[in-house]
Amino acid sequence: MRRLTALCAATAGVALVLTGCGSSDSSGDRTVTVTGTGKVQGTPDVLNADLGTEVSAADVSAAVNQANDKAKAITDAMVTAGAKREDIKTSDLSVQPTYGTDGHSISGYRATNTMHVAVRDLPKASGILSAAVQAGGNDTRINSVAFGLEDNTKLLSDARARAFDDAKSRAEQYAGLSGLKLKTVKTISENGSGATPTPMYRDTAPGAAPNINLEPGQQTVTFTVTVAWDMG
């Protein structure tokens, strides 16, 4: 009886395993396991923004009331500019004391009212943010703006197919180097997928309403899959 020595591939994501007894070539006693990656790009279809208002006043009630009034003005302005009211939601409310020069005496209160807005009609996105800044004035705060893919079904399907093709190409190469051919797929495992929204614009204290320039660019959808084949 002779023992077949296992061949180990040093390349990350690839496991090449040869096992068996005697001269048996039965299916399943030789396998190759490979991880493939597929990437596709698509145009974003949604803009997500976190923005709101921050005001200071001598007492809590005044600070909260002013923040609420500014938040309502910002919301109404965005709706007038084309945002859907149902796509705007409050994400954070806070009231904090402010202190005098001694660091101990309370000199007033700072209130913030932050909201999240999703803009699906991208040509209107710049106008919607500009309207928000104009309505809130110097009390407006834009915390983050990011483009994303709300419906990535087609892109994900294409990335999945590319990932499998990549895995198969790698496996065929290793099988050939071993003097074998690929046979039946043993297992398929999805390792992860998705597209990460890319921050495009950040500000903390805008002044008068700017003509906000937004470039959606391209989003990359990545998919990885691990596939094991029998070889013979």
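Q: Before we start, when do two strands count as paired?
A: Two strands pair if DSSP finds at least two bridges between them. Keep in mind that this is a predicted model.

Q: OK. How many bridges join β3 to β6, and do they run parallel or antiparallel?
A: Eight bridges join them. The two strands run antiparallel.

Q: What stands opposite L51 there?
A: I142, a residue of β6.

Q: Is β6 mostly buried or exposed?
A: Seven of its nine residues are buried, so β6 is largely enclosed by the rest of the structure.

Q: Step back a bit. How many helices and strands does the chain have?
A: Three helices and nine strands.

Q: What pattern do they follow along the sequence?
A: Reading along the chain, the pattern is β-β-β-α-β-β-α-β-α-β-β-β.

Q: And how much of the chain is buried?
A: Of the 232 residues, 36% are buried. The chain exposes about 12,600 Å². Carbon and sulfur atoms supply 49% of that area.

Q: What share of the contacts comes from residues 24 or more positions apart?
A: Such residues account for 79%, counting contacts with a separation of 6 or more.

Q: Now the inside. How many residues are in the largest nonpolar core?
A: The largest nonpolar core has 21 residues. L47, L51, M78, V117 and L214 have the most contacts inside it.

Q: Which elements give two or more residues to this core?
A: β3 (46-57), α1 (60-81), β5 (106-119), α2 (125-136) and β6 (140-148).

Q: Which one gives the most?
A: α2, with five residues.

Q: What about T114, where is that?
A: T114 sits in strand β5.

Q: Buried or exposed?
A: T114 is buried, because its relative accessible area is 12% and the cut-off for buried is under 20%.

Q: Which residues does T114 touch?
A: Not counting residues up to four places away in sequence, T114 touches L51, G52, T90, S91, D92 and N143.

Q: New topic. How many aromatic pairs does the structure hold?
A: One. The ring centres of F164 and W229 are 5.9 Å apart. Their planes are at 50°, so the pair is tilted.

Q: Where do F164 and W229 lie?
A: F164 lies in helix α3 (residues 153-177) and W229 in strand β9 (residues 219-231). The pair therefore ties together parts that are 65 residues apart in sequence.

Q: How accessible are the two?
A: F164 is partly exposed, at 27% relative accessibility. W229 is buried, at 3%.

Q: Last one, D76. Which helix is D76 in?
A: D76 is in helix α1. D76 is partly exposed, with a relative accessible area of 24%.

Q: What does the D76 side chain have a polar contact with?
A: The side chain of K72. That polar contact is 2.8 Å.

Q: And how far is D76 from A135?
A: Their C-alpha atoms are separated by 8.7 Å. Along the chain, the two residues are 59 residues apart.

Key. Residues are numbered from 1 along each chain as its sequence is written. This is a predicted model: local features need pLDDT of at least 70, side-chain atom pairs count only at pLDDT 80 or more; totals for chains, interfaces and linings use all residues. Side-chain values use heavy atoms; hydrogens and water are left out. A nonpolar core is a set of buried Ala, Val, Leu, Ile, Met, Phe, Trp, Tyr and Cys residues joined through side-chain atoms within 4.5 Å. Buried means under 20% relative accessible area, exposed over 50%, partly exposed in between (1.4 Å probe, protein chains only). Helices (H or I, at least four residues) and strands (E, at least two) are DSSP runs, numbered from the N terminus. A polar contact is a pair of N or O atoms within 3.5 Å; within protein, one must be able to donate a hydrogen and the other to accept it, and residues adjacent in sequence count only if both atoms are side-chain atoms. Contact means heavy atoms within 4.5 Å. Accessible areas come from the Shrake-Rupley method with a 1.4 Å probe; for residues, only the protein chains shown count as cover. Rings of Phe, Tyr and Trp (its six-membered ring) pair if their centres lie within 6.5 Å; planes under 30 degrees apart count as stacked, over 60 as edge-to-face and the rest as tilted.
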